[in-house]
Amino acid sequence: MAEHNQGGMGQNKDDFPKMPKFNINWLYTIIIIVLAYLFFTGGGSIGKQTSINATYSDFKKFVANGYASKVVINKKESELKMYVKADHVRQVFKSGARDVGAKPYVVVNFGSADQVEEYLTAQQAAKKFSGEIDYETTDSGFWEILLSVGPTLLFIAVWIFIIRSMRSGGGGGMGGVFNVGKSKAQEYGKDTIHDITFKDVAGQDGAKQEVQEIVEFLKNPKKYTDLGGKIPKGALLVGPPGTGKTLLAKAVAGEAGVPFFSMSGSDFVEMFVGVGASRVRDLFTKAKAKAPSIIFIDEIDAVGRARSNNPGMGGNDERENTLNALLTEMDGFGTNSGVIILAATNRVDMLDKALLRAGRFDREIHVELPDLNERKAIFNVHLKPIKTDKDLDIELLARQTPGFSGADIANVCNEAALIAARADKHSVSQQDFLSAVDRIIGGLEKKTKVMTAEEKRAIAFHEAGHATVSWFCQYANPLVKVTIVPRGRALGAAWYLPEERQITTKEAMLDEMCALLGGRAAEDLFLGHISTGAMNDLERSTKTAYSMVAYAGMSDTLPNLCYYNQQEYSFSKPYSDSTAQKIDNEVLAMINGQYRRAKEILDNHRDGHNRLAQLLIEREVIFAQDVEDIFGKRQWTSRSEEILGNDEAKTEDSASPN
């Protein structure tokens, strides 16, 4: 026995018969065969009798007794099916309704279809048969089988697809079913990197300098680490919409030449619990595997919004779980791991404080609206593909677009090209650009809007009042043109060339307020009544007055006080009711004072205002040169007016009255 055991232990593995390896496809095949057998043998009704064969005599007896609910005749096969009423199943099948199928029927062979039809017609007349008579021209057995088996086969196919998806998920659990838990970040490598570089980003020199340093960190980290410096973990791009935050991130990707993962903040948010946190972890796992790399999260406020102090009040658990996962991942990898996070938002005030602390977003890069020189550079970028006139003054265009973002300037250039193409021009002129600015700011010109002569006169006096008062206010913005052609929701407008100031004085704000109230003052003084046309002017002047009194401390009654409502205040307004009354009184006195001042200016220049209004009624559009011809040269000249004066003749010659 001992020798026998030793011999058995000494045998090679190849001597044993090889067993076939288990394959999941065997299980699929067995399931399909079993289900096919069930359906071909009566579906889920095994043991139940669905149909029986009967003679023609039995058929006539069944019909005469009122057992038939429906008769289907197949003339080609000389066969009919008589469906039995539920109340008479036992008389026909000799068993109860539970022992037969859902629609039991009797199969009968007949000799002549005409005889069957005559018999059924007679039974209908005798009220023995009240069911339907139908005809079956083709053999529908295949289609019946297909309709009965098809849904189940479809279910099996979907189930097999889901199982295989789970297996291909690499052990990722249910997250591999449709890769729900995987991040949706678009990866750009060295071969698929953006063509955009810092040369394509006009303006924003300060922001470019800071992100350029991040690119240098990624290209040559040893230069900084040898001196003990640490690579920043993250940089937050903050600024108004359209200022080029996403474009700047694309330029970083193009300059760095490292893997770049781009994802929107809303891509983390999902209706399934835990999916957002799973996507965050998956994104950082991919980025770490390809370090050095950059992660860019656009509109991070969608997931990084400040968490509620009261968890039971309006909290979104899924969003907060996603934010917690993001905070953990940003603080989890090493400082010099080579993964840098860029994020963009225009609502930094809504972000959670834990997200903004040092060690997560070390830098907050402000991408502001472009100034004059930056707008000129942006115009030069967007004008490259456009065929323009040689005498195009880019500086005038830049001065005509204060407060415009880079996206707005791109829209101006495109709109100007469309306007020129609409007029069948071969190049885009300066007037096309000015018309594009008017179109974007004021809206579409409505030449077909019907106005009465009295309405047109009231609008002309209103707009002439703005022009007259602003002409005699030292700090009012220089006038460009006045129009009474309706645009958008406005029936008329006075266009100015505003000065770009870093700070604004009280005198400048009062002059602008006086110019705003000039339209209402002209109506009151020269027409004897006021209208609703000054609603926008009153809204702007009221907001200006409240900001001067409550925020800027420019009040005589409440000097040097700022009641700006900071976040630390837990109540609605940081002042008492008596102070609120003082603020209201001061605002009212300030606005009424400027209103009286506007009426005085108009009264002193009554003849000139009336001539200006009449010229506006005749031509519908007048320019600064026309105002100068009536009132004389303006006493105060600014840099904008000097530029405007040099180009006024060209603008007026190229513009035709609307």
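This is a predicted model: local features need pLDDT of at least 70, side-chain atom pairs count only at pLDDT 80 or more; totals for chains, interfaces and linings use all residues.

Visitor: How many residues does H21 have, and how far does it reach?

Guide: Helix H21 covers residues 577–604, which is 28 residues. From first C-alpha to last it reaches 41 Å, close to the 40 Å expected at 1.5 Å a residue.

Visitor: Which residues of H21 are buried?

Guide: Among them are Ile583, Val587, Met590, Ile591 and Leu602, and also Glu586 and Gln594.

Visitor: And what do those buried residues pack against?

Guide: The buried residues of H21 pack against helices H17 (453–471), H18 (506–516), H19 (518–527), H20 (535–551) and H22 (606–619).

Visitor: Switching to rings: how many aromatic pairs are there?

Guide: The count comes to 8 aromatic pairs. One of them is Phe260 with Phe296, stacked at 6.2 Å centre to centre with 25° between the planes. Phe260 sits in strand S8 and Phe296 in strand S9, so this pair ties together parts 36 residues apart in sequence.

Visitor: Are Phe260 and Phe296 buried or exposed?

Guide: Both Phe260 and Phe296 are buried.

Visitor: What about Phe472 and Phe631, how are they arranged?

Guide: Phe472 and Phe631 are edge-to-face, 5.3 Å centre to centre and 85° between the planes. Phe472 is in the loop between H17 and strand S12, while Phe631 is in helix H23, so they tie together parts 159 residues apart in sequence.

Visitor: Why do you call Phe631 buried?

Guide: Because its relative accessible area is 16%, and buried means under 20%. Phe472, at 24%, is partly exposed.

Notes:
Residues are numbered from 1 along each chain as its sequence is written. Side-chain values use heavy atoms; hydrogens and water are left out. Helices (H or I, at least four residues) and strands (E, at least two) are DSSP runs, numbered from the N terminus. The expected span of a helix is 1.5 Å times one less than its number of residues. Buried means under 20% relative accessible area, exposed over 50%, partly exposed in between (1.4 Å probe, protein chains only). Contact means heavy atoms within 4.5 Å. Rings of Phe, Tyr and Trp (its six-membered ring) pair if their centres lie within 6.5 Å; planes under 30 degrees apart count as stacked, over 60 as edge-to-face and the rest as tilted.
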